[in-house]
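Dear colleague,

I am passing on a structure that you have not worked with before. Could you look it over together with the notes below?

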Amino acid sequence: MRFALLIFLPETPHYWIQKNNFEGALKSLKFYRTCTSDGMKIEAVEKEFESLKDAVLHVKKEEIKLSDFCKENLIIVHCQLIQMVMHRTRIQIFEIYSKK
């Protein structure tokens, strides 16, 4: 029943900003903030919308490449894997000699 109600909710402002539909984003934000004709509340929602738009567009400009992620992290992961294998090998050698 609850899932059926989700169909009637509008998309989030974040979604509309990513799609460059700023009117839809502002309308959606007003819906979620239950914005009425109160001037103070409309002004606050519009201010929040501008900061949200700036944040989403800033993140959208920042492209993350796989090579940026892999350079240092891949070396660290490989070192940890080697350490784990060496540790397991030491444990196995210890178990073999302790059984004798």
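E50 is partly exposed, with a relative accessible area of 38%, where partly exposed lies between buried, under 20% relative accessible area, and exposed, over 50% (1.4 Å probe, protein chains only). Please keep in mind that this is a predicted model, in which local features need pLDDT of at least 70 and side-chain atom pairs count only at pLDDT 80 or more, while totals for chains, interfaces and linings use all residues. Residues are numbered from 1 along each chain as its sequence is written, and side-chain values use heavy atoms, with hydrogens and water left out.

The side chain of E50 meets that of K53 in a salt bridge, at 3.7 Å from N to O, the term meaning a side-chain nitrogen of Lys or Arg within 4 Å of a carboxyl oxygen of Asp or Glu. K53, at 18% relative accessibility, counts as buried. Because E50 and K53 are three residues apart in helix α4, about one helical turn separates them; helices are DSSP runs (H or I, at least four residues), as strands are (E, at least two), numbered from the N terminus.

The structure holds two salt bridges, and R33 forms one with E48, where the closest N and O atoms are 2.7 Å apart. This pair links distant parts of the chain, 15 residues apart, with R33 in the loop between α3 (22-32) and α4 (39-61) and E48 in helix α4. R33 counts as partly exposed at 36% relative accessibility, and E48 does so at 30%.

As for α3, its buried residues are G24, A25, L26, S28 and L29, and just after this helix T34 takes a positive phi of about 45 degrees.
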